[in-house]
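Please take a moment with the sequence and the model below before reading on. The paragraphs that follow lead through the structure step by step.

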Amino acid sequence: MKKLKEKGSQSVALEPSLTFGNYAYSVIEKQYHSIVKREHKVLADEDPEHLHQMRVGSRRLRTALQVFAAAIVLPNAASQKRISALARVLGGLRDLDVQIADLQSIYRPQLASDEKASLDEVIQILKKKRHQAYADVEVTLGRSRYQDFKTAYETWLAQPQFTPLAELSIYVLLPELLSPLLSELLLHPGWLIAADNSSTAANHTLHDLRKAFKHVRYQTEFFTPFYGESFQTWVAEIKLLQEQLGKLQDSHVLQELLTTHLPKHTQIPTLQAKIQQTRLEVLSDWDATRQHYLNPEFRRQLHQMLLDPSIVDEN
């Protein structure tokens, strides 16, 4: 019998009788524990990876609640709104960590001495902002609202509440769960943005498409155990596209940081050239990618793939 291995929890048997509710429970349990087990290490503030994983866990848990909303009944303190508030605070600190690290390790070594001095001014400003962002995380994790959030999940995990729909086989519902997600992605206007379109509106649209990729990736990763190699390959492709557009967004954010925090009339031409080079590299294959996703036959194949989960053998 095939099983989905879960760290810190029991394995979930992927048998034909697996219900929507039981699988929802296993996913929610895993994502919740991925958040709370990082608390102390995040507060220790010694390794930014723990913050990153706690943020990812909060996003995945929020996605899980969206995916399994029809099967579960949660207390108010465990709501998506509570998780979104947590993810937002963690994200503020994580974004600064990434920005500071990129400026220090990727861009700064490539600059001349006078440009390094100007960039160091920006880095110092970001470090001060990071100090405040870390204080916000400390306050958030110490508040009674966060403690109530944890209590709500511990209570639900001990005595989960489900809707009648939770009794249905997960295999029956897979196409209904995933098809709307695929439709939303394929209907996104970002596929119509050409690589040479550098307008503000185009940048905003591609940024929104990146967020759509992330949502699709988190949701589809919950269901990779139920599908074959073609599905897993597609999920990996979505992850890559998300990362590529993420680099594009990072370049826009970096440009805004320089505009906001550099002293007037100060220029860092080498850094500006590197930022532009990053944009060109990220978008070098974009037109071919978007034409692929606009191809009617490929879109039909994606929809067909979701209709054919791999039903496992009980023996």
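This is a predicted model: local features need pLDDT of at least 70, side-chain atom pairs count only at pLDDT 80 or more; totals for chains, interfaces and linings use all residues.

Phe20, Tyr23, Phe68, Tyr171, Phe222, Phe223 and Phe226 come together in one aromatic cluster. A pair of aromatic rings is described by the distance of the centres and the angle of the planes.

The chain contains 12 helices and 2 strands, and, read from the N terminus on, its elements follow the order β-β-α-α-α-α-α-α-α-α-α-α-α-α. Taken along the principal axes, the C-alpha atoms of the chain fill a box of roughly 70 × 50 × 30 Å.

Among the helices, one pair can be followed in detail. Helix 3, which covers residues 48-67, packs with helix 8, which covers residues 200-221, at an angle of about 75°, and the axes of the two helices are 10 Å apart. Angles of 65 to 115 degrees count as roughly perpendicular, and helix 3 and helix 8 are therefore roughly perpendicular to each other. On the side of helix 3 the contact is made by Val56, Arg59, Arg60, Thr63, Gln66 and Val67, while helix 8 contributes Lys214, His215, Arg217, Tyr218, Gln219 and Glu221. Sorted by class, this contact of helix 3 with helix 8 has 5 charged, 4 polar and 3 nonpolar residues.

The next topic is the space left between the atoms. Rolling a probe the size of a water molecule over the atoms shows where empty space is left. The largest pocket has a volume of about 1200 Å³, and of the 38 residues that line this pocket, Arg55, Arg59, Arg210, Lys214 and Asp250 are the closest to its centre. Helix 3, helix 4, helix 8 and helix 9 are the elements that give two or more residues to the lining of the largest pocket, and helix 4 gives the most, with 12 residues. By class, the lining of the largest pocket divides into 16 charged, 13 polar and 9 nonpolar residues.

How many cavities of 30 Å³ or more does a search of the whole structure find? The search finds 2. The largest cavity, with a volume of about 50 Å³, is lined by Lys41, Val42, Asp45, Glu46, Asp47, Pro48, His50, Leu51, Leu93, Asp97 and Arg130. Helix 2 (39-44), helix 3 and helix 4 (80-107) each supply at least two residues of this lining, and the largest share, 3 residues, comes from helix 3. The lining of the largest cavity divides into 6 charged, 4 nonpolar and 1 polar residues.

The second largest cavity has a volume of about 30 Å³, and its lining consists of Asn203, Leu206, His207, Leu245, Leu248, Gln249 and His252. Here the elements that give two or more residues are helix 8 and helix 9 (229-261), with helix 9 providing the largest share, 4 residues. In this lining there are 4 polar and 3 nonpolar residues, and no charged ones.

Technical notes: Residues are numbered from 1 along each chain as its sequence is written. Side-chain values use heavy atoms; hydrogens and water are left out. Axes are lines fitted to C-alpha atoms, for helices over the stretch in contact, and angles run from 0 to 180 degrees between N-to-C directions. Angles under 35 degrees count as roughly parallel, over 145 as roughly antiparallel, 65 to 115 as roughly perpendicular and the rest as oblique. Contact means heavy atoms within 4.5 Å. Ala, Val, Leu, Ile, Met, Phe, Trp, Tyr, Cys and Pro count as nonpolar, Asp, Glu, Lys and Arg as charged, and the others, Gly among them, as polar. On a 1 Å grid over the protein atoms alone, a cavity is a set of points where a 1.4 Å probe fits but cannot get out, and a pocket is an open set with protein on both sides within 12 Å along at least five of seven lines; lining residues have an atom within 4 Å of a point. Grid points are joined across faces, edges and corners, and a volume is the space filled by probe spheres set on the points. Rings of Phe, Tyr and Trp (its six-membered ring) pair if their centres lie within 6.5 Å; planes under 30 degrees apart count as stacked, over 60 as edge-to-face and the rest as tilted.
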